[in-house]
Structure formats: structure tokens, C-alpha cells
Amino acid sequence: MIDLNSADPQSVKALARLREPSGEALLRLLQTEMDVAKQKLVYAGDMDAIHRLQGRAEAYEDLLRAAEEASVV
């Protein structure tokens, strides 16, 4: 999870700008990549692949959540 309270203001503003129309394409890409990683988790056969996919999905989710919460902070 990204702690927006400890992040520098410039980073928080950059995340908040992702909610603007110009950043929607990146948010859609992150959402799609997160969905793909979660779908691959269903079929992953070995623990190494599962751990990599879990980490990838968590990173995308953290970025999406931070962009959403940055507009509130």
C-alpha cells in the first residue's frame, strides 16, 4: 500500500492528476493489467509464478487505489 500521508506533495499531486481525463488511459491500462494478472493466477501452476503474479496484481492495485485516494488527500 502506498502511504500518501508520508509521500511528498508533488507525488500526491501527480497521482491525483491521473484522475483527470488525460490520465484515464493510464488508469485503464493499469486496471487491465491487474485484471490480466488476476486471471493468470487462476491457471498458474507453480508457486513462483503465483507469487510473481500476486505481487504484480498487488502493485497495480496499490497504484490504482493511490490515484483514487490522492484526490481526497
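This dialogue shows how several features of a predicted model may be read.

Q: How many helices and strands does the protein have?

A: The predicted model has 3 helices and 0 strands. Read from the N terminus on, the elements follow the order α-α-α. Along its principal axes, the C-alpha trace spans about 40 × 25 × 15 Å.

Q: Which two quantities describe a pair of packed helices?

A: Two packed helices are described by the angle between their axes and by the distance between those axes. In this structure, helix H2 (residues 24–43) packs with helix H3 (residues 47–70) at an angle of about 150 degrees, and their axes are 9 Å apart.

Q: What does the angle say about the relative direction of H2 and H3?

A: An angle over 145 degrees counts as roughly antiparallel. H2 and H3 are therefore roughly antiparallel to each other. Their crossing is left-handed.

Q: Which residues of H2 and H3 meet?

A: On the H2 side, the contact includes Leu27, Leu30, Met34, Ala37 and Leu41, together with Gln31, Glu33, Lys38 and Lys40. On the H3 side, the residues include Ile50, Leu53, Ala57, Tyr60, Leu63, Leu64 and Ala67, together with Gln54, Arg56 and Glu61. By type, the residues of this contact divide into 12 nonpolar, 2 polar and 5 charged.

Q: How is H1 placed against H3, and what are the angle and distance of their axes?

A: The axes of H1 and H3 come within 7 Å and cross at roughly 95 degrees. Angles of 65 to 115 degrees count as roughly perpendicular, and that makes H1 roughly perpendicular to H3. Val12, Leu15 and Ala16 of H1 make the contact with Ala66, Ala67 and Ala70 of H3. The residues of this contact divide into 6 nonpolar, no polar and no charged.

Q: How does the span of H3 compare with the span expected for a helix?

A: The distance from the first C-alpha to the last can be set beside an expected value of 1.5 Å a residue. H3 has 24 residues and reaches 34 Å, which is close to the 34 Å expected.

Q: Which residues of H3 are buried, and what covers them?

A: A residue counts as buried when its relative accessible area is under 20%. In H3 the buried residues are Ala49, Ile50, Leu53, Ala57, Tyr60, Asp62, Leu64, Ala66, Ala67 and Ala70. What covers them includes helix H1 (9–17) and H2. In the protein as a whole, buried residues make up 26% of the 73 residues.

Q: Is Asp62 buried or exposed?

A: Asp62 is placed in helix H3. Its relative accessibility is 14%, so Asp62 counts as buried. Leaving aside neighbours within four places in sequence, Asp62 is in contact with Met1 and Ile2. Asp62 and Asp3 lie 59 residues apart in sequence, and 9.7 Å separates them in space, C-alpha to C-alpha.

Q: Is Arg52 buried or exposed?

A: Arg52 also has its place in helix H3. At 52% relative accessibility, Arg52 counts as exposed. Between Arg52 and Leu29 there are 23 residues of separation in sequence and 19 Å in space, C-alpha to C-alpha.

Q: Where is Val36 found, and what is its relative accessible area?

A: Val36 is found in helix H2. With a relative accessible area of 35%, Val36 is partly exposed. Val36 and Leu53 are 17 residues apart in sequence, and their C-alpha atoms are 9.4 Å apart in space.

Q: Where does Arg19 lie, and which residues does it touch?

A: Arg19 lies in the loop between H1 and H2. It is partly exposed, with a relative accessible area of 41%. Not counting residues up to four places away in sequence, Arg19 touches Glu24, Leu27, Ala67, Glu68 and Ser71. Arg19 and Glu68 are 49 residues apart along the chain, and their C-alpha atoms are separated by 7.2 Å.

Q: What percentage of the contacts between residues at least 6 apart in sequence join residues at least 24 apart?

A: Contacts may be sorted by the separation of their residues in sequence. Among contacts in this protein between residues at least 6 apart, 63% join residues at least 24 apart.

Conventions
Residues are numbered from 1 along each chain as its sequence is written. This is a predicted model: local features need pLDDT of at least 70, side-chain atom pairs count only at pLDDT 80 or more; totals for chains, interfaces and linings use all residues. Side-chain values use heavy atoms; hydrogens and water are left out. Axes are lines fitted to C-alpha atoms, for helices over the stretch in contact, and angles run from 0 to 180 degrees between N-to-C directions. Helices (H or I, at least four residues) and strands (E, at least two) are DSSP runs, numbered from the N terminus. Angles under 35 degrees count as roughly parallel, over 145 as roughly antiparallel, 65 to 115 as roughly perpendicular and the rest as oblique. A crossing is left-handed if the near helix is turned anticlockwise from the far one by less than a right angle, and right-handed if clockwise. Contact means heavy atoms within 4.5 Å. Ala, Val, Leu, Ile, Met, Phe, Trp, Tyr, Cys and Pro count as nonpolar, Asp, Glu, Lys and Arg as charged, and the others, Gly among them, as polar. The expected span of a helix is 1.5 Å times one less than its number of residues. Buried means under 20% relative accessible area, exposed over 50%, partly exposed in between (1.4 Å probe, protein chains only).
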